[in-house]
Amino acid sequence: MDALRYIGEAFAIALTPSGILALVLSVFTGLIFGMLPGLTSTMAVALLTGLTYNFSGPLAILSLLAIYIGAISGGNQSAILLNIPGTPASAATAMEGYPLALKGKAGLTIFVATGASFFGTVISIICVALFTPILTKFALKFMSHEMFLLALFGIVICGNLTSNGDPK
């Protein structure tokens, strides 16, 4: 039941006035970074880490997570409106969102992309909170041969993805 205690502490920090202010400003900053092509979500976190040095530890992590999530969501807007993905994660959105924007459905498309980003984030947070204790116990049992096979599996998957259908 430690997980419930940690989740409660996280909500207690996020729902303070300084937590809410940090969330709003961080998501807004992340949205701006995500909308600008070439400024990725990872770059936003890297550039803005220095601004969180004076924050408490949990508030700094909350702020950096909000910047990352805002940047991922903000990349959809330039992908839909300009056919230029703001982040690499929004490349698929550009393929389907831009033609809809040309048909006059840009507002609906941005609404759906933002809603999908929000619900995907909420679902992933719930999954991380539920499955991390189980996966941690499982992963700590890995020995050297399992680690080797996991690394080999990753290399094979990367090779297969980049082979253009010709795995030699």
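## An exposed residue to start with

Met-95 is exposed, with a relative accessible area of 66%. Here exposed means over 50% relative accessible area, buried means under 20%, and partly exposed lies in between, using a 1.4 Å probe and protein chains only. Met-95 sits in helix α5, which covers residues 91-102. Its C-alpha atom is separated by 8.4 Å from that of Ile-80, a residue 15 places away along the chain.

Before we go on, a word about what you are looking at. This is a predicted model, in which local features need pLDDT of at least 70 and side-chain atom pairs count only at pLDDT 80 or more, while totals for chains, interfaces and linings use all residues. Residues are numbered from 1 along each chain as its sequence is written, and side-chain values use heavy atoms, with hydrogens and water left out.

## The overall picture

The protein has seven helices and zero strands. Both kinds of element are DSSP runs numbered from the N terminus: helices are H or I with at least four residues, and strands are E with at least two. Reading from the N terminus, the order is therefore α-α-α-α-α-α-α.

What radius of gyration does the protein have? The value is 19 Å, whereas a compact globule of 168 residues would have one near 15 Å. This radius is taken over C-alpha atoms, and the globule rule is 2.2 Å times the number of residues to the power 0.38. Along the principal axes, the C-alpha atoms fill a box of roughly 55 × 55 × 30 Å. Of the 168 residues, 25% count as buried. Take the contacts (heavy atoms within 4.5 Å) between residues at least 6 apart in sequence: 53% of them join residues at least 24 apart.

## Two helices side by side

Helix α2 (residues 17-35) packs against α4 at an angle of about 35°, and their axes are 6 Å apart. Axes are lines fitted to C-alpha atoms, for helices over the stretch in contact, and angles run from 0 to 180 degrees between N-to-C directions.

Which residues meet here? From α2 they include Gly-19, Ala-22, Ser-26 and Gly-30, and from α4 they include Leu-62, Ala-66, Gly-70 and Gly-74. By class, this contact has 10 nonpolar, 12 polar and no charged residues. In that count, Ala, Val, Leu, Ile, Met, Phe, Trp, Tyr, Cys and Pro are nonpolar, Asp, Glu, Lys and Arg are charged, and the others, Gly among them, are polar.

## The nonpolar cores

A nonpolar core is a set of buried Ala, Val, Leu, Ile, Met, Phe, Trp, Tyr and Cys residues joined through side-chain atoms within 4.5 Å. The largest one has six residues: Phe-33, Ala-44, Val-45, Leu-48, Leu-64 and Ile-67. Helices α3 (41-48) and α4 (57-82) each give two or more of these, and α3 supplies the largest share, with three residues. Leaving aside neighbours within four places in sequence, Ala-44 is in contact with Phe-33 and Ile-67. A second, separate core has five residues, among them Ile-80, Ala-101, Ala-106 and Ile-110.

## Two partly exposed residues

Asn-83 is found in the loop between α4 and α5. At 37% relative accessibility, Asn-83 is partly exposed. Asn-83 has a positive phi of about 60° although it is not a glycine. Most residues other than glycine have a negative phi.

Pro-58 belongs to helix α4 and is also partly exposed, at 45% relative accessibility.
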